[in-house]
Amino acid sequence: MQKKKLLSLLLAGATVLSLAACGQQTVTTNPSASNTPAASPSQSQGTEAVKPTEPTGQLVIGTTTDLDNDFYDASFNNNATNYKLYDLLHGYGTIVSDIEGDWVYDPTVVASHEEVENEDGTKTYTVTINDGLVWSDGTPITAKDYVFQLLLESSPEMNAVDGYPSQAGYSLVGYQDYFAGNTKNFAGVHLVDDMTYSVTVQAEELPYHYDITYASAAPRPMHVIAPGCDVVDAPEGAMITGDFTADLLMETINNSTTGYRYNPTVTCGPYLFQSYDIASRQGVLVVNPNYAGDYRGVKPLIEKIIIKTVKSDTMMNELASGSVDLLFQCSGADTINAGLDLVEAGEAMDNTFYRNGYGKVQFDCSQFPTDSENVRKAIAYCLDRNEFARQYSGGYASVVHSYYGLAQWEYQESQDWIEQNLNTYEKNIDMAKQLLEEDGWTLNADGTPYSGTGTRYKEVDGELKPLVIEWCNTSNNPVSELLATMLPESMTEAGMELRATTTDFPTMQAAITHTGDKIYNMYNLATGFALASSPWYYFSTDPVWMQGGYNSNWIADEELAAAAEALKAIPYDDTETWLTTWQNFIAIWNDKLPDIPLYSDEYYDFYSPKLHDWYSTAVWEWSRAVLDAWVEA
Amino acid sequence: MGKGRYLLKRFVYIVFVFFIISILMFAIYKSMPGDPVDIMLGNSKTTMKPDAYQALYDKTVASLGLDKPLPIQYLAWMGNMLTGNFGYSTQYKQEVINIIGAPMANTVLLNVLTMIVVFIIAIPLGIVTAVRKNGVFDKTVQVLTIVGYSLPQFIVALLAIFLLAVKFPIFPISGVKTAGLDATGLSAFLDTAWHMVLPVLVMAVSGIGGITRYVRAAMIDVLRMDYIKTARAKGLREKTVIYVHAFRNALIPIVTITTSWIISLFGGSIVIETVFLWPGLGKMLIDGLLQRDFAVVLSMQMFYVVLSLAGNVLMDIAYTMVDPRVRLEN
């Protein structure tokens, strides 16, 4: 009897523990995401640690995306974690984004620069780099290394290495001939002297709002990647001399053991590649003692950085146990609340900022019936987006009303204007009905006037068509699940039928790009804005940009395209004109509604109290922020 | 029919089945929606001008041989595979042979250790419970093995993490090695072993539950036999009766389950690998499917096909070894 009681107790205990382990955390009352997050440059209150003068200690960074064994650039591997490592390993780009997200010449790298607009409409950028920059092996960095990068990464030889795109000089004069292998000289690239290079941009690429980025180049170690080769200049353009072949690059870049792609031994970024453990998928970087600093002259103070995979379900426990020191860009109520519990207990610190993007319902505007603006708006009126954002994020997100992210400076400058001028599409079934009536959805299935219940019909080319919205979504997606709860009933009430298909991402992607078996009316996705946000491509009426994946809404609206195109030619420093033109664009977008923007997250970084001076934002990500930070010894 | 002829016949059968399955697998995967080249080129689509992207896309399609008719693609794939070229991973942008080694080693290491733990515990436990059938010990073990056998692995995994890594932080929550550890040799081995404790424990729970009951049932059947009574009547020691006479005759069902377990050594567990972040073949297979990385997926599937077919033959051979009455020609 005693033994039976003991057994019962054990089983009951196990059940309680399993419930505790699997249960969700209690949702706390969160700060409103409509307020600016309290991102502070340093949150090291209550410590007496002394900032070191030399690099010391290590920082273990937890990431939910496995690190891959590929360290060249995003053209070979666009894994999000690897992407950040390129920043840390490969430095000294001539053009960088600063802490505000603005493009600037890097004064640590660039001694002087000159821009000349030529008579034929082309524009030449001449850049002189500073003396004294060196590779990690001590070899001096010269303009040849910059020209080598432009030539290498535009060459047909490099294109033969695992299909590298070779697009570095795409906008420059002579690119097509050089890439096609018609000539060894790249007409738009010149080696002016040992420390100076120039690039000439094709006339058809100008004017361009972000034209400063055309002057961008980053050095590649020619002595490692193309030993025995040289870069020489000629009136026809710069060229690589010596035995520069695809076979050479296959060995120096693509050899799976020694290739620069997998084992970048000579670099010039703030950190050096130490190791990648393929079994644990951990990467280790150590500080580069030869690094001259970022655009502000800031050099790293953390000696070693380790990248480790974590799982979102248990990553806060990893932080609490000390097996990781930093978790970046955490989102979602459960994760954030668990992190804030650690902060409250004094076991962690936090840094918060807004996301530069949003989650959305994306319409295919080439498909019936979402080719109609009224139908798209009617769907928007069927959804309570505030409630959606609240339920999805637990309060750690805000609703956006057009094509912008909360982190964009344009949004921050336009908050009042947005409140006054944009339609917020508050849930309003009557408005949805009215829009559908105006659009001609006024019939029943038998052609009689719409009775007020059931699916509406419309006569199109003599045929009665039902108002059915085909929705494609992905499995195990909380946004899909929430939409499936909130949308169908309201849409039915308005006279629409929502047909959902759940699939995996590649299938949905094929549908979006019109390469799959079926095209749907709407999808739920998320989008992020690049620093060089270029809406003129994304809303162009040219079919090339639709088939090319940019205009994934397949919207061919001249007014919207013109509003976006108007941004392209505005000079980069004319922020006033840019802002008013941008406001006009997002107002038109808000009216055309190619997407229903759903939420823009508030992100949190959670980190160990041993980490100090941590400050990151959507435009100053962890790979940049790590240079200012330091850890207690 | 002699043993050699039997084996030859089975070999021909294996080859036949291998090719049939390979055609089916190839056809199924190729009919899946989703474009592997589009996925492979990823962000290039929105970082390159459309004409340049299209040129790159066409070139990539041609370089992967995807522009050829399906029968030609099949023949090229099969020809390459039979000569040891498992193709090019569109997900990792590397040869499959270069990327599959580490996860396979991780999976095999975890499974071998689990198998050792399970057999060391489950076989003696199964024998003892059979011998002490219906006793308190037997009943307790029966209840615990049912619990272990029936609890979903992810529940056991979460419970183990909560108890032994969070509440009482004895073992690490996840991973294969301590972040930044520079150790080699014994220290590195011990660190990996420390990381393996929880996943092995979780995998062993269900394994012990199943095999203990399997051994117990087989032993109970054998212990009822007349020759066991005869052995006891002859005055043999009980240990000799149980371990020499009874257990040997209970081995056939155990051989069956052992062989299938050995085959599964190379099969990764999605649940364990995901929960404990143990990069193995299970996760690789799922990732490959989601990324339409057909070279990886087809290579792994065909490897499992060969393993299963060969495993059946090995099982037949093992039967003849543990039971002289079994003949292959039968």
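1. Axes here are lines fitted to C-alpha atoms, for helices over the stretch in contact, and angles run from 0 to 180 degrees between N-to-C directions. With that in hand, helix 9 (residues 185-223) of chain B and helix 12 (residues 251-264) of chain B pack at about 160°, axes 9 Å apart (helices are DSSP runs of H or I, at least four residues, and strands runs of E, at least two, numbered from the N terminus). The pair is therefore roughly antiparallel (over 145 degrees).

2. Before going on: this is a predicted model, where local features need pLDDT of at least 70, side-chain atom pairs count only at pLDDT 80 or more, and totals for chains, interfaces and linings use all residues. Residues are numbered from 1 along each chain as its sequence is written, with chains lettered from A and ligands numbered from 1 in the order in which they are written.

3. Who touches whom in that pair? Helix 9 of chain B brings I211(B), Y214(B), V215(B) and A218(B), and helix 12 of chain B brings P253(B), I254(B) and I257(B) (contact: C-beta atoms, placed from the backbone, within 7 Å). By class that is seven nonpolar, no polar and no charged residues (nonpolar: Ala, Val, Leu, Ile, Met, Phe, Trp, Tyr, Cys, Pro; charged: Asp, Glu, Lys, Arg; polar: the others, Gly among them).

4. Also have a look at helix 1 (residues 3-30) and helix 15 (residues 294-322) of chain B, whose axes come within 10 Å and cross at roughly 155°. Their contact residues split into 15 nonpolar, two polar and one charged.

5. Between the chains, the contact takes 55 residues from chain A and 49 residues from chain B. Helix 1 of chain A gives the largest share of chain A's side, eight residues.

Methods
Two residues are in contact if their C-beta atoms, placed from the backbone, lie within 7 Å. Angles under 35 degrees count as roughly parallel, over 145 as roughly antiparallel, 65 to 115 as roughly perpendicular and the rest as oblique.
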